Amino acid sequence: KVEITDNMFARDEDFDLSTYGKQLFGVFSEPPFDVCWRFLPDAADDAAEYIFHPDQETQHADDGSLYVRFRAGGAREMAWHLFTWGESVEVIEPNDFGIQR
C-alpha cells in the first residue's frame with residue numbers, strides 16, 4: 001500500500017548505488033571477497049554468455065575451460081547459483097567457500 005507521508009530523509013551525497021551494488025552478488029550484504037570460478041569445457045561457452053558480476057574478468061584456458069573472477073559478497077546466493085551449474089563448475093577461490101561464512 002502506498003501512502004503519502006510527511007517523513008523526509010537527507011540523501012547522502014557520497015553514496016553511489018552502482019558502487020554499493022558491485023560489492024554484492026545478488027541481495028545478500030556481507031563483506032566482499034575474491035571469487036574465482038572455473039567452468040569446465042562442457043559449460044564454458046554457456047558461462048561466457050553470462051554476466052555474473054559487473055566487474056567480472058574472464059579468461060579462456062587452453063583446455064577449453066573458462067575462469068571467471070570478481071570481488072563481491074553474498075556467498076549463500078553464489079552457492080545457490082552455482083548449484084545450477086552442477087559438476088560443470090569448480091570454486092577455485094575462496095578456498096574456504098564450502099565453509100559457511
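Helices (H or I, at least four residues) and strands (E, at least two) are DSSP runs, numbered from the N terminus. The model is predicted: local features need pLDDT of at least 70, side-chain atom pairs count only at pLDDT 80 or more, and totals for chains, interfaces and linings use all residues. Residues are numbered from 1 along each chain as its sequence is written, and side-chain values use heavy atoms, with hydrogens and water left out.

**View 1. Tyr20 in helix H1.** Tyr20 belongs to helix H1, residues 17-21. Tyr20 counts as partly exposed because its relative accessibility is 34% (buried is under 20% relative accessible area, exposed over 50%, partly exposed in between; 1.4 Å probe, protein chains only).

**View 2. The open sheet.** Four strands in the order E2-E3-E1-E4 make up an open sheet with antiparallel pairing (two strands pair if DSSP finds at least two bridges between them). Strands E2 (57-60) and E4 (89-93) are at the edges with a single partner strand each, so one side of each has no neighbour in the sheet.

**View 3. Strand E1 and its partners.** Six of the seven residues of E1 are buried, so E1 is largely enclosed by the rest of the structure. E1 (residues 33-39) is joined to E4 by four bridges and to E3 by seven; both pairs run antiparallel.

**View 4. Phe39 and Arg38.** Phe39 has Val89 as its bridge partner in E4 and Leu66 as its bridge partner in E3. Arg38 stands opposite Glu90 in E4.
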